[in-house]
Amino acid sequence: VTSVGHDNWIMAYVHIAHDVQLGNHCVLANNATLAGHVHVGDWATIGGLSGVHQFVKIGAHVMCGVSSVVLMDIPPYVTCGGNPLSAVGINAEGLKRRDFSAEQIANIKRAYRTLYRSGLTLAEAKARLAAEAASSPELALLTDFLAASTRGIVR
């Protein structure tokens, strides 16, 4: 069953295939294409002319740039783009617009650095993030996503 949440902005010529789960408050720009079984979290933005491979999970608060080719999962809060797809930071502006505090955004930036810039393996980064999530509840969204990822993450 394809499920589309509420208050989404779905622009012209967007394709949402079978068995897609689209969250709430998402933006899908012109010609964005979601293949079958894709899951998109709340508040995600997918740029125009982007293609998302089947079974990919896109986390909440993700900003995916124009003409992106998404073949792997994108963790929550990440800003990414290009072909090949690469992570470039967090969606700090989107988080500010959604009333995340400066402390919460700093915690998410620190988690991003742990995941993408620390030189740790994915397993080591997951363990460190799980420990940090105990004192930073906003990181639970990220650690839960990483635990459920089956295609690997954009890294």
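Predicted model: local features only at pLDDT ≥ 70, side-chain atom pairs only at ≥ 80, totals over all residues.
Contact here means heavy atoms within 4.5 Å. I start with that because the word comes up again for two residues, and it rests on this cut-off.

Take histidine 61. By that cut-off, and not counting residues up to four places away in sequence, histidine 61 touches Asp42, Trp43, Ala44, Tyr77, Val78, Asn91, Leu95, Arg98, Phe100 and Leu141. With one of these, arginine 98, there is also a polar contact of 3.1 Å between the side chains. Where is histidine 61 placed? In the loop between strand E10, residues 57–58, and strand E11, residues 63–64. Is histidine 61 buried or exposed? Its relative accessibility is 9%, and buried means under 20%, so histidine 61 counts as buried.

Now the backbone. Most residues other than glycine have a negative phi, and most peptide bonds are trans. Histidine 61 has a positive phi, near 65°. Histidine 25 also has a positive phi, near 60°. Histidine 25 sits in the loop between strand E4, residues 21–22, and strand E5, residues 27–28. With a relative accessible area of 23%, histidine 25 is partly exposed. On the peptide bonds, the one from asparagine 83 to proline 84 is cis, and its omega is near 5°. Proline 84 lies in the loop between strand E13, residues 78–81, and strand E14, residues 86–90.

Next, the sheet. Strands of a sheet pair through backbone hydrogen bonds, either parallel or antiparallel. Here we have an open sheet of four strands, in the order E3-E6-E9-E12, and the pairing is parallel. At the edges stand E3, residues 15–16, and E12, residues 69–70; each has a single partner strand, so one side of each has no neighbour in the sheet. The partner of E3 is strand E6, residues 33–34, joined to E3 by two bridges. Across that pair, isoleucine 16 stands opposite leucine 34.

Leucine 34 comes up again in the core. In soluble globular proteins, nonpolar side chains tend to be buried together. The largest nonpolar core in this model has 42 residues, and Leu34, Val40, Ile58 and Ile74 have the most contacts inside it. At least two residues of this core come from each of E13, E14, helix H1 (92–97), helix H2 (102–116), helix H3 (122–133) and helix H4 (140–148). H2 gives the largest share, six residues. As for valine 40, leaving aside neighbours within four places in sequence, its contacts are Gln21, Leu22, Gly23, Cys26, Leu34, Ile46 and Ile58.

Last, charge. Side chains of opposite charge can pair when their charged atoms come close. How many salt bridges does the count come to? The count comes to one. The salt bridge is between the side chains of glutamate 93 and arginine 97, at 3.6 Å from N to O. These two are four residues apart in helix H1, so about one helical turn separates them. Glutamate 93 is partly exposed, with a relative accessible area of 43%. Arginine 97 has a relative accessible area of 66% and is exposed.

Terms used
Residues numbered from 1 in each chain as written. Heavy atoms only, no water. Pairing = 2+ DSSP bridges. Buried < 20%, exposed > 50% of the residue type's maximum accessible area, 1.4 Å probe, protein only. Polar contact = N/O pair within 3.5 Å; in protein donor to acceptor, adjacent residues only side chain to side chain. Core = buried A, V, L, I, M, F, W, Y, C linked by side-chain atoms within 4.5 Å. Salt bridge = Lys/Arg side-chain N within 4 Å of Asp/Glu carboxyl O.
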